[in-house]
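Colleague: I am new to reading models like this one. Could we go through it together, one question at a time?

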Amino acid sequence: MSDGAGHCYHCGEALPKGPVRRVAIAGVDQPMCCAGCEAVARLIDEGGLGEFYRFRSEYAPTPDSALAQDDEWNAYDRESVGENYVRTLDNGLCEAVLMLENITCAACSWLIERVLVDEAGVELIQVNPATGRAILRWQRQTVALSTLLRRIAQLGYRPHLLSADQAVPLFTRERRAALKRLIVAGLGMMQVMMYAVALYAGAIYHDMDADIALFLRGVSLIVATPVLLYSGMPFLRGAWRDLRARRPGMDVPVSLAIGGAYVASVYHFFTGGEIYFDSVTMFVFFLTTARFLEMTARHRAAMATGDSARALPATARRIGAQGDTETVPLAELRAGDHVRVPAGAVVPGDGRILAGESTFDESLLSGEFMPARHGVDETAIAGSLNLGASVDVELERIGQNTLVAGIVRLLERAQSERPRLALLADRIAGVFVSAVLVLASATGFYWWQTAPDQVLPIVLSVLVVTCPCALSLATPTALVAGTASLARRGLLVARAGALQTLANADHLILDKTGTLTEARLGIEHVECLGSDYDDAYCRRLAAALQAHSTHPIARAFEQDGRDSLLAEDVQEHPGHGIEGTVDGHRLRLGQPAWLGLPEQADDGGTPIVLEIDSHPAARFILHDTPRPQAEEALAALREFGLSLEIASGDSPGAVAAMARRMGVDSWHARMTPEDKLARLRSLQAEGKRVVMVGDGINDAPVLGGADVSVAMGSGSVLAQAQADMLLTRAELGDLASGIRMARRTMRVVRQNLAWAACYNLVALPLAAAGMVAPWMAALGMSASSLLVVANAARLARADQQPPVVASERLRPAAVPAVST
């Protein structure tokens, strides 16, 4: 980007009056507006990075404000900041994730990486221009974090240590700006289309007064101008960037179409020719809508890590040297501190229990609903909820070193490895626009030699008739219709690109707890151990005892407690069972080992024994309740050609039992988030297109790395934020219906693309031969677009079809489980 007359070569600001500062860039003296720009420009040139100015697509931001705030960056060297935002790796290096302002193109990323990689102590700096994020690794003993942040700020890219509180304002500003563009484009399109209908009708019937026609044309010009210059500006800038980088993408044909049609319309407004403002506003609106949805999905993915902060409390009760407690902010905690975690509180960091014993709800982290019991010298995990008595914990890991932070880092790494289908679209668009430009130039040259007065209308007809409107609408209109239909069926699509991948998927990985099951225990069967009492009476006795318990197991007996007997003198033994007096009998209900009986787990279930008057009376086998129609849904998925497997953190017995019940011949138990991600990568290395279905934070990394990810609506917030799709009703049958709809949607996409291609192949020769007037080209383009939209609208009729359920003949028989 060259500097304009009287403007700073670095930031583009107007030059001050008087002597002008100059810096030699690539051997040429360039003007600078201030000492800050001069210093940064010298830094860039002396570092051998002058190529930055040739590749950048916009002026670099001014570094003045960053240079004037050194004290702000010094504050980042405080230990409290490091504990919460900086992670210490095993090799002694420090790692932080940054969010950078003013990142506009790949040249910005290149500049930051080249400058920082030469800094002493910096081991790695990676900048993602699409998200504005950077991963920084450095040696704390060699260089301070404040020095590196200040260096980045001096370049004009203000850094922030990544946190949800800092990301929200940036995303809010971007979203508001995009929403304003969308509103302007929508209102403008509606107005101009109304004027266009009147003008077309008047042209057909030749009965419109000339003054009224002129008025409508003038109003169309007034309304279309802000639509193009405000709402359409991102496309125009994108086209300029792509052309400078010599890699034409979709912004180039879009800008050629809307820009060419607008310029020609303005010219014809004054000369009396045809105008195409309706086409300009319509195309800008549709593309702006697509960009807005794309931006929303990007923000949602970027904010996934911020959701992890909700797993931790804002404050904690630190124990002093005299045994007294004080409430302190989480940022003030250090490894080695002792904290008291009362009942109902969240553990602030990973640590060792010093005193007390309690049960902890770790479902937010593990995905398993059964609470875990921990006592002295056992581990308490950050983010877990204390369900029982108060415990004292010695913190061992806090901030970025906790388990939940490690899961988030896995999620970020999985996201960075996601394939980018947009690259293929850009390559296709590059070939398309190059061919259009060559044909338009050849057409113009021919008519310049034959009939110079016909060059403008014929070349314009070629550009308008080959406008990629139908081509660009072919995919998004079908995807919008398909995703709307899926939403009504209970499958919410967060990223439109996931629909295509879902249609082509051939392998499905399912979590067990919360995905195949409802995370709710139920009684599978009752075995009477004596002849004195039947199973119905034993159920009533057990329900009477469990009515006094808050343990999840008690929920399994709720259905038997509607007319249950009254229990007295009830005592609960945490981790073992419960006892009391019911109907004159002394009862004990709990684990077999507590009652002195062998475990004898049944088919992966949980055995609970009822003892009446010191004699074993009944044995209850509890199973996690499978989701309704889960077997039929999996059978339907197999019918679609998908191979299935279960990957769970649960015990092998429970996973094997569920696999046999569901007819899944491949299962994996006791899997950590790392194990799940490794399994996913191995399948992808074999060429599989993998769908992952999960519900917990532990599933978030593998959800981020899957070709398409589906989260249960009843699952964790982080899993939902990361997923490409969300099962709002938490019914697997909706996923089977979704795959059918996805495949039908892709058929419609292919039909639309075929129509758009055939239309261009027929219309282009006619336009080049001068047989299509510009107004006919505009009508043809509009008709082509309407046909594409109408074809996509057929997808809405899919809502009238019955949901996908497997027939009885498709129900699989139980097969031997294979543990790996």
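Colleague: In which strand is Leu587 found?

Modeller: This is a predicted model, where local features need pLDDT of at least 70, side-chain atom pairs count only at pLDDT 80 or more, and totals for chains, interfaces and linings use all residues. Residues are numbered from 1 along each chain as its sequence is written, and side-chain values use heavy atoms, with hydrogens and water left out. Strands (E, at least two residues) and helices (H or I, at least four) are DSSP runs, numbered from the N terminus. Residues 585-590 form the strand that holds Leu587, and that is β22.

Colleague: Does Leu587 count as buried or exposed?

Modeller: Buried means under 20% relative accessible area, exposed over 50%, and partly exposed in between (1.4 Å probe, protein chains only). Leu587 has 0% relative accessibility, so Leu587 counts as buried.

Colleague: What separation do the C-alpha atoms of Leu587 and Leu541 have?

Modeller: Contact means heavy atoms within 4.5 Å. Leu587 touches Leu541, and also residues including Leu545, Ile578 and Ile612. Leu587 and Leu541 are 46 residues apart along the chain, yet their C-alpha atoms are separated by 8.1 Å.

Colleague: Why is helix α7 largely enclosed by the rest of the structure?

Modeller: Helix α7 covers residues 145-154. Its buried residues include Leu145, Leu148 and Ile152.

Colleague: Which residues have the most contacts inside the largest nonpolar core?

Modeller: A nonpolar core is a set of buried Ala, Val, Leu, Ile, Met, Phe, Trp, Tyr and Cys residues joined through side-chain atoms within 4.5 Å. The largest one has 48 residues. Its largest share, 9 residues, comes from helix α26 (residues 732-768). The residues with the most contacts inside this core are Leu508, Val693 and Met725.

Colleague: What relative accessibility does Ile183 have?

Modeller: Ile183 sits in helix α8, which runs over residues 164-205. Ile183 counts as partly exposed because its relative accessibility is 46%.

Colleague: Of the residues of the chain, what percentage count as buried?

Modeller: The chain has 27 helices and 29 strands. Its residues number 820. The part that counts as buried is 50%.

Terms used:
Lists of a residue's contacts leave out its neighbours within four places in sequence.
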